[in-house]
Amino acid sequence: MDPFEVRMQFLSLLRRIGPSQQSIQKVVGYSLKFYAQCGEDLWDCIVEECQKGSVNNRINILYFIDSLCEASLLAKSHPAALKGVSANSSFYVDYVSRDLGTIVESVVPEGRQGRPNVMSAKQVLEDWRSKRVIDPQKIDDTLAALAQRHGGGESPPLSLPSPLAAARPTPLPELLPRQEVFTRIEEDRERHKRLRERRWVQPVSRGPLPPLMSFLPLADDGNGEDSAIDIEFENEWETTSDWNEDDDDAVGEENDLCYPGEGETPMDLS
């Protein structure tokens, strides 16, 4: 396909994107497929749609960008899978890092209109910071600007409220239609389910199997960051209780299940 046809088809997919992973992954696959041919044009389409879509569509695009960054980092580890792409390229992650402020300002506009997207945007940004998808300092600056625009700045001086101000109606353009409210509730339920699934996924190495964690030193990986194995070990260590009588009973029951004919002799647990 020529670049114009690729752009038009991508816009059609982007405008129909929803909160489900099936909908998001379809657009992610299309984005990576044509990255070498017209990746920057496709990113411009994402930025434009993020600026002129509805509030619900904008948060869907942000979660699409989240999945796009994840897929881009995965493709970076297998550069031979995509022809015509530099081995040092981070694919769409470079564009996200460059235009991060513009994206967040579009997804969370000022005023009451952007408040429904504040919490979800913060969750995505904090996830990028913890996974080092984007420079943590840039994430911190974006979060600070977001907090300042939506209740994070200094509180105004106290003053007596005006009776006219209390009776002033809320402008209609800042209110979501009833149908969009119900649609947003269903989409948030789908997105939160995805976030719960990802919260329990620990990063694993795709190289050779590491040795037993008991013999691994609790040290950083050379970049000043704890390795994935260390993080997983610390999580298990903090949530595991000391050995007690319940563990003795559990070991005895497992022994009886494995060796049912040897139940007459008690197992030595010392």
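Is Phe91 buried or exposed in this structure? At 1% relative accessibility, Phe91 counts as buried, where buried means under 20% relative accessible area, exposed means over 50%, and partly exposed covers what lies in between (1.4 Å probe, protein chains only). The model described here is a predicted one, in which local features need pLDDT of at least 70 and side-chain atom pairs count only at pLDDT 80 or more, while totals for chains, interfaces and linings use all residues. Residues are numbered from 1 along each chain as its sequence is written, and side-chain values use heavy atoms, with hydrogens and water left out.

Most residues other than glycine have a negative phi. Phe91, although not a glycine, has a positive phi of about 60 degrees. Arg132 can be viewed alongside: its phi is near 60 degrees, again a positive value in a residue other than glycine. Arg132 belongs to the loop between helix 7 (118–130) and helix 8, and with a relative accessible area of 43% it is partly exposed.

Attention now turns to how helices meet. Helix 4 (residues 55–76) packs with helix 6 (residues 100–107) at an angle of about 145 degrees, their axes lying 9 Å apart. Axes are lines fitted to C-alpha atoms, for helices over the stretch in contact, and angles run from 0 to 180 degrees between N-to-C directions. On the helix 4 side the contact (heavy atoms within 4.5 Å) is made by Arg58, Ile59, Leu62 and Ile65, and on the helix 6 side by Ile103, Ser106 and Val107. Sorted by class, these comprise 5 nonpolar, 1 polar and 1 charged residues, with Ala, Val, Leu, Ile, Met, Phe, Trp, Tyr, Cys and Pro counted as nonpolar, Asp, Glu, Lys and Arg as charged, and the others, Gly among them, as polar.

Glu48 lies in helix 3 and is partly exposed, with a relative accessible area of 34%.

Asn60, another residue of helix 4, counts as buried at 1% relative accessibility. Leaving out residues up to four places away in sequence, Asn60 touches Ile17, Gly18, Pro19, Glu187 and Arg191. Ile139 of helix 8 (residues 136–149) is buried as well, at 0% relative accessibility. Beyond its neighbours within four places in sequence, Ile139 is in contact with Leu100, Leu125, Trp128, Arg129 and Ile134. Ile139 and Ser97 are 42 residues apart in sequence, and their C-alpha atoms are 9.1 Å apart in space.

Side chains of opposite charge can pair when their charged atoms come close. The structure holds 6 salt bridges, each being a side-chain nitrogen of Lys or Arg within 4 Å of a carboxyl oxygen of Asp or Glu. One of them joins Arg15 to Glu49, with the closest N and O atoms 3.1 Å apart. Arg15 lies in helix 1 (residues 3–15) and Glu49 in helix 3 (residues 35–52), so this pair ties together parts that are 34 residues apart in sequence. Glu49 is buried, with a relative accessible area of 9%. Glu49 also meets Lys52 in a salt bridge (3.8 Å, N to O); both lie in helix 3, 3 residues apart, about one turn of the helix. Lys52 counts as exposed at 56% relative accessibility. A further salt bridge links Arg98 and Asp99, whose closest N and O atoms are 3.0 Å apart. Here Arg98 is partly exposed at 47% relative accessibility, whereas Asp99 is buried at 18%. Through shared partners, salt bridges join Arg15, Glu49 and Lys52 into one network.

Finally, the surface carries a nonpolar patch of about 250 Å², made by Val181, Phe182 and Ile185. Patches are made of residues with over 30% relative accessible area and no salt bridge, like charges being joined within 9 Å and nonpolar side chains (Val, Leu, Ile, Met, Phe, Trp, Tyr) within 5 Å. Accessible areas come from the Shrake-Rupley method with a 1.4 Å probe, and for residues only the protein chains shown count as cover. Val181 is found in helix 10 (residues 178–199) and is partly exposed, with a relative accessible area of 35%.

Conventions:
Helix = DSSP H or I, 4+ residues; strand = E, 2+ residues; numbered from the N terminus.
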